[in-house]
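Subject: Structure for your files

Hello,

Here is the structure, with the sequence alongside. My notes on what was found in it follow below.

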Amino acid sequence: MEWYKDYPHIGYDLDGKKIFKPIRNKDELDEFLEKMDNPDYWRTVHDKMTGTDIRLSDEQVDLVHRLQKGQFGDPNFNQYEPYVDFFSHETMIHPVTNRPEDKRSFIPSLIEKEKVSKLVHAIKMGWIKPRRPKDSTPQYYDLWAKEDPNAILGRHKMHVPAPKLKLPGHEESYNPPPEYLLTEEEKLAWEQQDPVERKLNILPQKFSCLRSVPAFSRFIHERFERCLDLYLCPRQRKMRVNVDPEDLIPKLPKPKDLQPFPTTQSLVYRGHSNLVRCISVSPSGQWLVSGSDDCTVRFWEVSTARCMKTIEIEGAVKSIAWNPNPAICLVALCFEQTVMVVNPNLGDRVVCSATDQLISSYEQPEEDKPQPVQWLISEGKDFERGLRLTIKHPKSVKQVTWHGKGDYFASVLPDNGNTQVLIHQLSKRRTQNPFRKSKGLVQCVSFHPVRPYFFVATQRYVRVYNLIKQELTKKLMANCKWISSIAVHPAGDNVICGSYDSRMAWFDLDLSTKPYKVLRHHKKALRGVAFHKHYPLFASASDDGSVIVCHGMVYNDLLQNPLIVPVKVLKGHEISRDLGVLDVTFHPTQPWVFSSGADTTIRLFT
């Protein structure tokens, strides 16, 4: 510090600028007055480095006193520690260390010299620049900057200039044209309106001259609102993406390339006198069976639409299913609390007689176990009509469906009890209840076409059970309010569900428990869904009177998702009692679809 005694500065900062001494403008008189007035003057020290007066704390004052007395700075230091004789009192001839002095201790460092020369060279070349001085003046932004490219906000990329006020019109003039002045009725209507809904903010008034115009009462209020709008209203520029709307539509193949699929109505099967609830086709594709609310079951020849046989029963038929095994000629149907197994005696006589032999070959077991249902054999007139077995259930039956092998079939009793689903074995006349407790109201069930899985659809979920392990393997969430129907793809890895809230959900079982696609093609509730056995087709029937046929290609490559393309809307059924098409099913070999409706007809589309 002595070096700078005669200079106005006390050194240099990092940028090489002088650090000036603080100006001390106290004279002797000021010093004396401060000495008299300041009680801490005795403990105040002048710092030459910063040029400020520093008040010493009590600890610092104690330290100074101790040092003045010649004591140690640390009060806890014991100066009378016991002496430890580290070295022997005998004089040694060799020193403890005799390491020669380092050369670097008396020669300037070459490395430092090299570093300094590099820095000097960089400064000379202009590579190292002194720091920019900090601008301490506060910066102000123009909140309402115009689109001036030189303004700070104008240069800001996303800046949106504040919206300008609407210029005053004729109605705000002090002498407006007479057509702008409101009548008494209009004034009353204006006053009763909500301020937000008013087209004019003020009532137009007429004054004889500008001098007689009073001050605007809401001026400050309006200005304040304008300032609030400018300050609080978020302004954001939305980036418009120029996208051709055609590009957003997924590139689907043309329906022409996805043929064959049914396009035209070929035959109408008439004969029922009430709505036709359910239909089913024989495995050969030659015969069609239908169940109706007129308490009859009719067997039709597919190719001619001729009714071959009619069986009258004691109730409205809720569900009907032809045995999928071509070696057995049987039809299962349900009405009220009964499931009937019928031999229609159509087609190959050898198959019909073999079927009757199969049923009659049953031998009663020695131990008769109690069963939840009652099996009855039809005899006499009933046998001649084609009835073979009657299974009496404790509650009304809604649906009946066969297993692919043709020996087992399941029936659904929608009720809150735990006997909602029963599985019957034809050859042993045995019935079992697979579930101990109900998991909701069962709507419909289906067997897996190849694996021992059983699909049970409740109102919102489809549960997949393994019948061999007797455990739940998957629970599919249909994302709809009420499932009405279910169909399983012939390969078994995909399932479709129709619902009463006009949605159809396609599940890929390998992919997820949530729908792979939800199709909302229909306007009203879906009543039935079906897959074709051989063609990549599936159909849905709805209360809007239409059947929609879709191309649903499932690939063997697991990495490729199924391709779903709606190809045809088939209309023809009339809507009766707010009901349209009630059931739909495909022909087993041809790309034809059958539909039954509330207009008492069955229609074939080819």
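The largest nonpolar core has 19 residues, and L330, V339, W402, F409 and L426 have the most contacts inside it. A nonpolar core here is a set of buried Ala, Val, Leu, Ile, Met, Phe, Trp, Tyr and Cys residues joined through side-chain atoms within 4.5 Å. Buried means under 20% relative accessible area, exposed means over 50%, and partly exposed is in between (1.4 Å probe, protein chains only). Two or more residues each come from β11 (331–335), β12 (338–342), β14 (387–392) and β15 (399–402). Strands are DSSP runs (E, at least two residues), numbered from the N terminus. A second, separate core of 17 residues includes V289, V317, I320 and F335.

Before going on: this is a predicted model, in which local features need pLDDT of at least 70 and side-chain atom pairs count only at pLDDT 80 or more, while totals for chains, interfaces and linings use all residues. Residues are numbered from 1 along each chain as its sequence is written, and side-chain values use heavy atoms, with hydrogens and water left out.

Back to W402: leaving aside residues up to four places away in sequence, its contacts (heavy atoms within 4.5 Å) include W322, P324, L330, F409 and F447.

Aromatic pairs

There are 11 aromatic pairs, counted when the ring centres of Phe, Tyr or Trp (its six-membered ring) lie within 6.5 Å; planes under 30 degrees apart are stacked, over 60 edge-to-face, and the rest tilted. Y269 and W300 pair edge-to-face, with 5.8 Å between centres and 75 degrees between planes. Y269 is in strand β5 (residues 265–269) and W300 in strand β8 (residues 296–301), so this pair ties together parts 31 residues apart in sequence. Y269 is buried at 0% relative accessibility, and W300 is buried with a relative accessible area of 0%. F435 and Y465 make a tilted pair, at 4.6 Å and 50 degrees. F435 is in the loop between β18 (430–432) and β19 (444–447), and Y465 is in strand β21 (residues 461–466), 30 residues apart. Ring pairs also link Y269, W300 and F594 into a cluster.

Charges

The count of salt bridges is 12, each being a side-chain nitrogen of Lys or Arg within 4 Å of a carboxyl oxygen of Asp or Glu. R99 and D102 form one, at 3.4 Å from N to O. R99 is exposed at 63%, while D102 is partly exposed at 28%. R99, D102 and R104 are linked in a salt-bridge network. R306 bridges to E301 with the closest N and O atoms 3.9 Å apart, and E301 is buried at 16%.

Two charges also sit over rings, as follows (NZ of Lys or CZ of Arg within 6 Å of the ring centre and within 35 degrees of the ring normal). R388 lies over the face of F383, 3.9 Å from the ring centre, and the charged end of K475 is over the ring of Y461, 4.3 Å from its centre.

Strand β29

H551 stands opposite L537 and opposite V565 in β30.

Regards

Definitions and conventions:
Helices (H or I, at least four residues) and strands (E, at least two) are DSSP runs, numbered from the N terminus. Two strands pair if DSSP finds at least two bridges between them.
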